[in-house]
Each structure stands twice: as structure tokens, then as C-alpha cells.
Protein chains: 2
Amino acid sequence: MSAYLDRNDIRDAYLDELVEFLRLPTVSARNDIAVMQKAADWLIARLESLGAQARLLDSPGMPVVYAEIRGDSDRTILFYNHYDVQPPEPLDAWSSDPFEPVVRNGMLYARGSDDNKGALMSRIHAVEALLKERGTLPVTVKFLIEGEEESGSPSLPVVVDHNRDLLKADACIWENARRDDAGNPTMTLGNKGMYSFELRARTASADSHSGKANLYPNAIWRLVSALASMRDPQGKVLVDGFYESVTPLSASDEAICRETPANGLRQATKLGLDELVPGNDDYSVNRALFYTPSMNIQGIEGGYTGPGHKTVNPSTAFARLECRLVKGQDPDAVAAMIATHLEKHGYGDIQIVNKKAGAWPSYTATDHPFVKVVAEAGSEVYGKPVVVLPSSPGTGPRFVFRHQPDMPIIALGVGHANSRAHAPDENIAVEDQFYTTKQVARIMEKFAAV
Amino acid sequence: MSAYLDRNDIRDAYLDELVEFLRLPTVSARNDIAVMQKAADWLIARLESLGAQARLLDSPGMPVVYAEIRGDSDRTILFYNHYDVQPPEPLDAWSSDPFEPVVRNGMLYARGSDDNKGALMSRIHAVEALLKERGTLPVTVKFLIEGEEESGSPSLPVVVDHNRDLLKADACIWENARRDDAGNPTMTLGNKGMYSFELRARTASADSHSGKANLYPNAIWRLVSALASMRDPQGKVLVDGFYESVTPLSASDEAICRETPANGLRQATKLGLDELVPGNDDYSVNRALFYTPSMNIQGIEGGYTGPGHKTVNPSTAFARLECRLVKGQDPDAVAAMIATHLEKHGYGDIQIVNKKAGAWPSYTATDHPFVKVVAEAGSEVYGKPVVVLPSSPGTGPRFVFRHQPDMPIIALGVGHANSRAHAPDENIAVEDQFYTTKQVARIMEKFAAV
């Protein structure tokens, strides 16, 4: 397997090529179309060198690259990646220039090395290695590479929507994952959904003197009461229907919750805590993290918060919240439930504003055959079992493929627990770049045989 | 009655004298000891001109003036006033110099005219008028005049404590009251007590990513739950014992609540409301305002409140609160009840800091004979009934005399509904200065006869 990828000249060439690609400062937040176009052109040329039909897809935002290589079978894998990176700031916190990649002690330091240029190149190199070794690919592959992921992928939904047939695939390898704290490779099967909103209470046209606190409604009390009506002190959401559509855990989901090392106590210690909210045992932590929706207050503000005391009865207050949603939940439905809850509990005067509901949860079934393919490919390459993470803690744009609910989407990457994605001194282990490349090649081989 | 006070030469002289006194810029916040000493010296000289024994009392702060004039009877009235004033800023919002008093359309404009130099001079002039007319006073009078009231009377408690015997009296006329919106003279029988505090929730050593909201406690949710446990959405305080020691309303208190025009709707309209919290009828408004303690949130803050959304699970949050206390309640006891409540309901980790408990309620019984004396004196002078206000909405230092719970304390002043105390263009009606002076003289006469 992958003798080609073990050749020193090839390893050197692929590392050099990754370094070349990392030199492009493709910071999507900078809106520098020239450098983004340069990266897209670079990718198209590189993909064409593999014999791919490569081109740009129409997009209202930064260039989106599409490429396709027919294989021995119609069975198709879609690779989703992005060529844009986070801003490198603060620059003085870097040990070396973020866009002048350097290898120190086997680690490659550069902005984008972990997130997500390393992973992107691993897909291209895996395809090339198979072509060099076999002449053809065992499966058909498609590349979808966008340039706005670090800015929230604003154009991706419309691009995918306009190209549903083109992007059709039997499985999708998503952009990124990392070795865990114990050094075990991981794969991530999902993203949570999200509904963000703001509650604004306004109880009078102006603040009043608190000596008359019994006469005029207080906006902070009103907001506090409304919030307390929505969630009990233990964290259970009290909004009618909130949990109703959550997909029950399968036997496989339950097994993952039981068997995946969560290391709750170490996580708690990082925050100075003895205990996590659901308890420290693996099952409770995993279930809370992967399969339980949440309602979080991001911030709250009202009245006088300067030094000392001010005898004021505030007439306005607001809170920012966000619900993280799990398999089966719909952000629009949750938004409606919350509005209904407030209305029903007598808080219809509280305004819901600044709403953001367009992020659906995306969970690939843990017992999907493709999960086994990816896990086995990983354990063959790494020589150790791959940890299956049913969901990332965060939210992401996998939902753009929710019109293909049967397509498994699994994230794989080249990083490790201290890769510092989004932070100064972002880095990967050079060796991990080749592990992942080999795993991707092996996935193509194995998927052809399933 | 008070023919002396109707003499034009006397009215002119008294108005001139008030103007002279108002010229002294006795802003206690400026800490300018020279001008404060000058005002105290001026007062001592003026009181000595009445034949009083006048002197300074030992004080850790600004000069405190004491004077005593023996009358025909040992029955004693204590006059409490202050010679300091609020800062005049913003100066450009004044129509004339705040320390160059001017009369326009019968109104005298100057900082301190309403609060409280007009009232102070009304006491001195009333005593002088009686002495001129009768040769002696019908009752003994004592003056206690401080210079730090606008800075919260920090020295008054210790000064009064060190001079309990000296300051003993059968009744006390307090510094100030004003005609109400309908132009009716008022008298105020009390001040609310206050306990201010801050609740601080800290749930971890650092904020965390809200994708793990189910794992780590959220300080805002914790604070919200604790607050919601302390007060129901209708405003009832849920802290055990909070209402227990509140003195039940007497028949007289009930009658005042029923009969005092509260004009709830007009008050509500000022804040863009159709309805006050307790309802718009006089009884409900008066009872809520005069006899019901409150728990008010002054301010709340935690997490991210800038633009947009930030996916953070905040580890700290705080709220500022204050309880206004009514007859029978003790701020230290309320502070203890709140601490016990939090402990008992599982919120013992929430810190109570920035505590301020040293303000007791002070309520003179509405059926005290002295209330009748003051009211009758007022209605004789004004030719209309005096509105009895059982309490000011605010808090004040009457509690320094709580070692004399049987001494009635009633506030009288020279202002009107638009006197703008503490604001630019502070003013009084010149005629009101003489009404109040006459009322004070009449009180002395009538009190001697009770």
C-alpha cells in the first residue's frame, strides 16, 4: 500500500508543494481578490495536472473551485476543502512568519497548515499517488474547494444549491479533524446546528428612579424572568417541543458514548473545575457533547454597571443566546418554538431580534458503512484505532448537503491536539501530513470494494 | 397670626438675607472647607442674633452647626437642615448664574433655593418672627445643620451618636418637602431604608467555547437562576422572612392610602405606560409606593455584548441590586435573609459583595399627634389641606435618630413640583418661602398647646 507515498523524493516534493501553497496569504477576511484568484488558479492547474476537468463555479463571493476525475467505478467521493485561512494576527505572537513556512523538530509552522491547506493537499496527493500506482482511480472523485470558510461560508449554500447534480456523490470527505490529546487519530461525523438570537426587553420609554421600583416594570427583571422560564437551573430547556424531534440514539451511538474516551476530569481541570456539568464519566460527557442540544447565554446587559451603585430602575435590557442543535432538530422550528414559548408565558412584549437560524445539524449515522471504511483505512495507516467523534462541538456548513441526507460526510485532517488552528504558531507534524494522505488513498481503494 | 411676617420691610429683608446666603457656593462635593466654614460661621452669627447658644459640634467632616433657644416650655422641636448644595453643573444649562440669585416672575432662581437653604432660612425666620412678636418662644428649639447632606451625610451618624442627649427633642422638623403637582402643600413623614448589594457568579477560571455549553456551567445562567429564585415575575420577593417584620398598616395608614391623590395614570404616561405595576387606582399606587418594600435590579452584565454574536460560554457575570425597605424592616436582617436564601437554594457559590446596609427605614406614625399639628398649621397658613406623604420614595438619613423611635420627624419645605432640585434652574416661588416660614411659626405655637 502506497509505496509511492513512502518514496523520499515524493515526500520531499509534496512537502515542498504544501509549503509553496502555504505561502499564499489567502486570508478571506482581507477580501483581497487577487491572492484568492491566484490560489484558485494554482488549484485548477494542479488538479488539471491530475487529468481532472477543473473550473470555477459561479459564486457571488470568492472563487469556488470544482474538479472531477472519473474512476473505474461510478461510485463517487466528494472532497470538500477550503483554500482560505484565518487572519494571522497578532503577528508578534508568532515564532516565525505565518506565510514563510518553516519546519522545526518535525513540525511545519504556517498559517493554514492545519486549517486547512494540509488536509486539502492530502486529498490531491492521495489522488495523484493512486494514479501513479494504478493508472486510474478505483472510484470517481469530485473536488469542491471554497475560499470563504473562515468567514462563515456565506456563498457556499447558494453555490451548492445551484450545482446539486454536479456535486452528487456517494460519500463526502470533509475538511478537517485532528489527533486527540492522547495522539489518536480522529474522524468527525457531524456538526451541530445553531439558532442564535437576541432577546430585548423594553418596559418603559425611559429609566426611572428606583425609589419607585414598585410602580414601574424593570426591564432586567422582566428579561431574567423570561430567561428563567426557558431553562431550568440544571440546564434542561423548558421550551415546549425543544427535545421532541431529537433523533433517539442508535445502538451504535450508545456504544460510542460508552467507549469513546472523553477524559472529563482533564477537561474540567483546564477550567479550574472538579466536575463537568453532566458528570465526569465518559458516557455522560459524550452524550452531552455529541447528542444533547443546548441553550447558551452569550451575553447580557442592562442598567448601570459602572462602579458603586446607581438607584435606577432600567427600562431596557438584552441578552444574546444561541441554541446548539443535534440530529433531528431544525433551527427554524426551534426559532418558532421559542417565540411561541415567550408568547405563551406572557413575555410576548420581549422582542426577538438579530436572529440567525440557517445552520442545520448534520450527523452521519455512526453505523453507516462508510464510517467503517474510513475507520479501517485509518487504523491500517496509523497502526492504531481511529476515534469516531459523532459530532464536532461546533457548527459548520455540512448542512449545505442536507438535500442528500443519505450521503455520509466524514471529516479528516492532518492536525494534532496542539495545532493551534486560528491562533499564532499554527502547525502540523510533517509525519501526520503523510499519514492522512495515505489514509485518504486507502479510503478510495476500500470504498471501491465495499 | 404672623403679622410680623406680613410686613413688607420684613419680607424684603428676609428675601435679601436668603439671597445673601444662597450666594455662598457651598457645594459639598467640591470639598472646599473655606466656603463651608464661612457658611457655618454665618449661621452661628445669625443664630446668636436670635439669642441662641450656637456652636460647632465635633465632626470628622464638614462643620456641623448646633444651636439652642430655650422657650417657655421644655417641649422641644429639633430642626434638621443642611447648608450644603448639589454641584451646579452643567453650568450652560442655567438661565442665570446658580450662585447669583435672581427673581423672575415671582420665582427665585439659585442653586440651593429649594434644597435646602430656603427651608433652612424659613426655620430661622420663623423663630425670629415669634421672638419679635412674643418676646419668647412658646417651645424650646434646637438647630442641627450639617454640610454634607448632598454627599450622603457620611459624618451625621457619628455626630448624632455622640450628642444623643444634646439633640433630644419631642419632635423634629426635617429638611424638605415640596408642593405636589396639583399645587397642594405636602409633608413627608418618612424615608425608606435601603440594602444595596452585588451578586457575582464565577463558574470557571476562564470562558469557554459555547460548542461545549453542556459541559461547563454558564455564569449568566447561574446568575439568572439565582435572581429568578429571589423574586417572582409579578414582583413579589421570595426571600424567606422578607415581608415578615413589615409593620402592618394602621387604620390611619389605610385611610391615607385611600384618600391621597396618587394620580397613577399621569405618572404612568410620563414613561409611556398605560398602567402602573400595582394598578392605577390611588390605593394601590400609594400602598406600593409608601408601604411595600422592593427588590430592584440596577444593572446586570456578563459575557459578550458587542455587535453580532460570539459563541462564548461566559464564566463571570454580576448584577447590582437594591432593596428599599419600609417600616419595621432592618437592612442588616434583610442582608442576612438574602445570604441565607442563596445558600439554601444552592447558590452559595454566588458571592455577595459591594454591600451597603446602613440605611434604616424611618416612618413617623401617620396618627401621631404631631402630624395633626403640622397639618393644621399648614392648612391654616395655605388655606388648603396639606397632603400627608407617609414616606418619600427615596432613602435619607432620618435613621440617625432611630434611638428615639418616639420622636416624630416630619419634612417641610419651600419648593414646588418644578423646583428642579439637583438640576439646572433650581427655583422656588418667593411666596412659598413665606408660606413655609409662617407654617413653621404656627407649628411652634400649636405644639406648645397640644
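Domain bounds here come from an automatic or database domain assignment. Keep in mind that this is a predicted model, in which local features need pLDDT of at least 70, side-chain atom pairs count only at pLDDT 80 or more, and totals for chains, interfaces and linings use all residues. Residues are numbered from 1 along each chain as its sequence is written, while chains are lettered from A and ligands numbered from 1 in the order in which they are written.

**Exercise 1.** Find the domains of chain A and the separation of their centres.

*Solution.* Start with the bounds: domain 1 covers 3-191 + 362-449, and domain 2 covers 193-246 + 293-359. Next, take the centres over C-alpha atoms: 39 Å separate domain 1 of chain A from domain 2 of chain A.

**Exercise 2.** Which strands pair with E7(A)?

*Solution.* Strands (E, at least two residues) and helices (H or I, at least four) are DSSP runs, numbered from the N terminus. Two strands pair if DSSP finds at least two bridges between them. Strand E3 (residues 76-82) of chain A is parallel to E7(A), with three bridges; here A:Leu78 partners A:Cys172. Strand E18 (residues 409-411) of chain A also runs parallel to E7(A), again with three bridges, and A:Trp174 has A:Ala411 as its bridge partner.

**Exercise 3.** Describe the contact of chain A with chain B.

*Solution.* Residues are in contact if their C-beta atoms, placed from the backbone, lie within 7 Å. Each chain, A and B, gives 60 residues. On the side of chain A, E12(A) supplies the largest share, nine residues. Finally, E12(A) pairs antiparallel with strand E12 (residues 294-303) of chain B over five bridges, and A:Gly302 has B:Ile300 as its partner.

Note on methods:
Contact = placed C-beta atoms within 7 Å.
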